[in-house]
Amino acid sequence: MIDYNNKFPEGVIGKDPWKAGKFSGGIITIGLHLTVCMYEDNNSGFTVIDVTNPFSPSYCFSGKHREYGFTPGYPIDPKSYALRYYTEPPGDERNFEYLKEEVQDAILDIQDEPFISDHQTLDEAWDNWSPTLDEMDEEDPSADAKDFMKALRAVIEARSTENAQNMADALSPTSGVIDGLRRILRQQMLPKCCDPVLVKVFLMAQDLSKSGELDLSWMQLWPAQVSKIVHAVLQDDSFKITSLDISGNPDVTLVTLSNIFRLEKAREITRLYLFGCPKVEDIRRADMPGKIGMDKGAKIYIIANVLGRYRIVAIYHVQSLYPPEAVCMAWDVLQHVKKHAEPLAKELQCLQQARYHRNDAAYPCPFLAAVLFQCVQDSYGRYECLFPINNNSGYTVIDVTDLSSPAYCFWGRDGDYGFQPGFPIDPEGYATRYYVFDSEREHEFENLQKVVRDAILALQGERFIGSRTTLDEAWENWSPTLGEMDDEASSQDAREFTEALGTVIKAGSTENAQQMADALSSTPGVVEGLRRTLRQKRLPKCCDPIIVKGFLIAQDLSKSNELDLSWMQLSPAQVLKVVRAVLQDDSFKIISLNISGNSDVTVRTLSEIFKLSKAGEIKQLYLFGCPKVEDVRRADMPGRIGMEEGAEVFNSYFPADLSEFRPWKTKPRSGEPHPRV
């Protein structure tokens, strides 16, 4: 997969391309080979490349001094440039034969390339930089284009989807219609009611162009309109789109692109152009395919049953992951999942609450993704590749619904080598057959490397995903929405608590709240009623006595060492009050605190908590789905908030730079996978 955007390569001086050529360090390059030595900085000679026609670029050399017999500002040919421009003293010449052999070859080779022979081209370039909108001068639209533009403006004024649909149905496939729409979209965004016209015209444009590229460049389209058009074109079997150009769109984001590449047939798109898209221009081109789900190579998918449906909750993209490596790595991933089962279970609760890391659609569960990334980094490259073919079809799938016993399978979509497309593949079949050159034969199990054989045998002790239904459901579902949540009916005790609480809230009296708190009985219904209420709304300050008493009852009933305040709409002050009350009660010993899902907790709130007496006994802190602390590295958090040495923090932080994995990289395992007894 190739994606192109405006991300400028790191390392260029000040990230300013115009400064890049001012520090040549005494070397000038002609073609790919020719080097000419000089004894001072090159501030006079220049190489010029004209890319007006990128398929046949032209070149010349130029200088600004009259030395060496050249007219300043005029093009210089490669032979003269190499023989005379930097000789000492001026006027001397070297013979062509005295040049190094690679320099002679470069001069002869470059003579076959187009040469810039006109000095006016250079003069014009020195006088002009980037164009302005005032310099654009389009030709007058055709009669068909004018008619279309007039009809479309009438639809816009009417703001009627029905009118737009009628107009779309009546459109004839002419170049004038397409020209008219493109002219309007270069000037303004169209309202949602015009979507039927947009989709219909771009389908016409694609049909007329007979191109493998869908060109939406420099059109003022809303992200939702971009997605609609791409979806419609991909669904039409008469088109085969391998290239998508969305350049010049100021509103396209990673979320937009991720949604596009979830569409069926989007994997056929191998090139994506994003020049002039400000919201994605700071992302490295090498990172983009993995972030938006472009189908560039092998992937490891983590799936889980969330709210009654299997969903994809994390992905690791690998350019080339061959079956032997994939089999070994699957075993490693399963062990990592079991090792981190407790924090992973709490992060999956984010999805159960329809809350997840919304800043990056590719990672709804950042901690789970980070564990997966770490595991792959620890493992990748330790296994020799048996079949050196780029893996564009095979995938590893890990089901973490039951974190104490995760399941796995391998999967392919092409139906090659005798496997049914879309069905789970067992590890032995995957390693021995999936990427063998001759599809009619198999590698024997005994011929596999010992490390691969051991991994296959070890995987026999793990649960296998044997159902295609599980995979199909996961591919169709991603992060859940609040609309998918369906709580069970509350108990009678919970309903009575909720009614009494509503009366206190209405009165707005702290005294009434204290009286209700004192009268509360230690029953599960009280805890259930309080949690249901706090998941829906935040309670006013006057209700603090009820909140504190309710959580003391919950802690007493649970007999747990964890204080669970997750997914409760508590203010930072209320969180602090509850934690203080529970820590002060000598009947509890709290070693774990879960504040996941709180949108207002900050580093300052956490610092205040860890100033409390006995807070030093808390060794684990869970902060999944807390947006105000998700940008703090887990390794840095304990020190910032005053936790004791050895304490662990789990939050929704995901490294922006994969090099951040290195400081907390685990030690490689001393042994290899082995069969379980």
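Which residues lie on one side of β11 and which on the other, and are they buried or exposed?

What we have here is a predicted model, where local features need pLDDT of at least 70, side-chain atom pairs count only at pLDDT 80 or more, and totals for chains, interfaces and linings use all residues. Residues are numbered from 1 along each chain as its sequence is written, and side-chain values use heavy atoms, with hydrogens and water left out.

First, the overall picture. The protein has 23 helices and 18 strands; helices (H or I, at least four residues) and strands (E, at least two) are DSSP runs, numbered from the N terminus. Of its 677 residues, 48% count as buried, where buried means under 20% relative accessible area, exposed over 50%, and partly exposed in between, with a 1.4 Å probe and protein chains only. Taking contacts with a separation of 6 or more, 71% come from residues 24 or more positions apart; a contact means heavy atoms within 4.5 Å.

Back to β11, then. This strand covers residues 394–399, and six of its six residues are buried. Gly394, Thr396 and Ile398 sit on one side, Tyr395, Val397 and Asp399 on the other, and all are buried. The partner is β12, residues 407–412, paired antiparallel with β11 over six bridges; two strands pair if DSSP finds at least two bridges between them. Within that pairing, tyrosine 395 stands opposite tryptophan 411 of β12.

A quick stop at isoleucine 425, which belongs to strand β13, residues 424–425. Isoleucine 425 is buried, at a relative accessible area of 2%. Its C-alpha atom is 9.0 Å from that of isoleucine 465, 40 residues apart along the chain.

Now for an open sheet. Four strands line up in the order β15-β16-β17-β18, with parallel pairing. β15 (562–564) and β18 (648–651) are at the edges with a single partner strand each, so one side of each has no neighbour in the sheet. On average, neighbouring strands are turned by 10 degrees against each other, direction ignored. Helix α12, residues 341–352, packs on this sheet and touches β15, β16, β17 (620–623) and β18. The direction of α12 makes about 25 degrees with that of β17. Three bridges join β15 to β16, residues 592–594, and leucine 563 has leucine 593 of β16 as its bridge partner.

Last, two helix pairs. Axes are lines fitted to C-alpha atoms, for helices over the stretch in contact, and angles run from 0 to 180 degrees between N-to-C directions. Helix α11 (residues 323–339) packs on α15 (residues 450–459) at about 45 degrees, with the axes 9 Å apart. The two are therefore oblique to each other: angles under 35 degrees count as roughly parallel, over 145 as roughly antiparallel, 65 to 115 as roughly perpendicular and the rest as oblique. Pro324, Val327, Cys328, Ala330, Trp331 and Leu334 of α11 meet Val451, Val452, Ala455, Ile456, Ala458 and Leu459 of α15.

The other pair is α19 (residues 524–536) with α20 (residues 544–558), at about 125 degrees and with axes 9 Å apart. That angle makes α19 oblique to α20. Residues in this contact include Leu530 and Arg531 of α19, and Gly550 and Phe551 of α20.

That's my tour, and I'm happy to go back to any part of it.
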